[in-house]
Amino acid sequence: MSNPTAAMLVIGDEILSGRTRDSNMNHLAKALTEHGIALQEARMISDDHATIVRQVREMAGAYDQVFTSGGIGPTHDDITAEAVADAMGAACGVREDARAILQAHYDRSGQELNEARLRMARIPDGAALIDNPVSAAPGFTLGNVHVMAGVPKIFEAMLAGLLPTLTGGAPVISDSLRVERGEGDIAAPLGDLAEAHPEVSIGSYPFQSSNGKYGSNVVVRSQDGAAVEVVMEKLRGLFPEAA
């Protein structure tokens, strides 16, 4: 049986302009792989309401789980909550459970829960809150869409709490071999090996070392650990200098 599928929406003009480097997709991909959920697509989109609505609807219908990052803060351009609510056909407003979380947080810190901060309590009707142990402002799950912060430390903390609640499959096992030959030299034997072992995925990722030599990191992946071992042994036979 194949593993559940997932997609990610990275939302934010600052990502697309290059002002901010995204690390959340990489972290999510690794975490989902370990949990047995296959991340099959990731898109980066702007802070545009209609774009978010369109992309969320499309992805929610195509994948088992959809994860978003960005756009749930206190400023005017944080529009993800309303856009996801529209995409999923839900009303959105300040919810009392989210307000109470924020109120307690700002009371402890001696700060005012002003109108700007209260924007972070906007939650769609019917959504379940995602805990935020870093800065309190919750994310939420609506249907199969999980809405989380863009700040990496907060995104990672939210995901750590959310992931155990999601059904996963068999974790993907991987191993790799560093081969100091160009891809043109290894393509044919790798192709033959991949054809002989369709139960595994074999990828070639080229590099150039500091001494100018070309090579490839050959990565073998499968839910079947024994199959990975078999193919790795054959790879070492094909490229004994890398063993």
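Let's get handedness settled before anything else: a crossing is left-handed if the near helix is turned anticlockwise from the far one by less than a right angle, and right-handed if clockwise. Helices (H or I, at least four residues) and strands (E, at least two) are DSSP runs, numbered from the N terminus. This is a predicted model, where local features need pLDDT of at least 70 and side-chain atom pairs count only at pLDDT 80 or more, while totals for chains, interfaces and linings use all residues. Residues are numbered from 1 along each chain as its sequence is written, and side-chain values use heavy atoms, with hydrogens and water left out.

With that in hand, look at helix 2, which passes helix 7 in a right-handed crossing. Helix 2 covers residues 24-35 and helix 7 covers residues 152-162; they pack at an angle of about 20 degrees, with their axes 10 Å apart. Axes here are lines fitted to C-alpha atoms, for helices over the stretch in contact, and angles run from 0 to 180 degrees between N-to-C directions. That makes helix 2 roughly parallel to helix 7. The cut-offs for these labels are under 35 degrees for roughly parallel, over 145 for roughly antiparallel, 65 to 115 for roughly perpendicular, and oblique for the rest.

Which residues of helix 2 and helix 7 meet? From helix 2 you get Asn 24, His 27, Leu 28 and Ala 31, and from helix 7 Pro 152, Phe 155, Glu 156 and Leu 159. Contact means heavy atoms within 4.5 Å. The residues of this contact divide into five nonpolar, two polar and one charged. In that tally, Ala, Val, Leu, Ile, Met, Phe, Trp, Tyr, Cys and Pro count as nonpolar, Asp, Glu, Lys and Arg as charged, and the others, Gly among them, as polar.

An open sheet of six strands has the order 2-1-3-8-7-6, with mixed pairing; two strands pair if DSSP finds at least two bridges between them. Its edge strands are strand 2 (38-45) and strand 6 (128-130), each pairing on one side only. Neighbouring strands of this sheet are turned by 20 degrees against each other on average, direction ignored. Strand 1 (residues 5-11) runs parallel to strand 2, and seven bridges join the two. For a landmark in that pairing, find Ala 6, whose bridge partner in strand 2 is Leu 39.

Helix 4 (residues 80-87) lies across strand 1, strand 3 (65-69), strand 7 (139-142) and strand 8 (145-148), running at about 5 degrees to strand 7. Next, pick out Arg 57, which lies in helix 3 (residues 49-62). Not counting residues up to four places away in sequence, Arg 57 touches Asp 86 and Ala 87. The side chain of Arg 57 has a polar atom 3.3 Å from the backbone oxygen of Asp 86, and the Arg 57 side chain also reaches the backbone oxygen of Ala 87 at 3.2 Å. (A polar contact is a pair of N or O atoms within 3.5 Å; within protein, one must be able to donate a hydrogen and the other to accept it, and residues adjacent in sequence count only if both atoms are side-chain atoms.)

Strand 9 and strand 11 (residues 214-222) pair over seven bridges, and Ile 173 has Ser 222 as its bridge partner in strand 11. Eight bridges join strand 10 to strand 11, with Gly 203 standing opposite Val 219 in strand 11. Strand 10 and strand 11 form a hairpin with five residues between them, and Gly 212 in the turn has a positive phi of about 90 degrees.

The axes of helix 8 (residues 183-196) and helix 9 (residues 225-238) come within 11 Å and cross at roughly 155 degrees. Helix 8 and helix 9 are therefore roughly antiparallel to each other.
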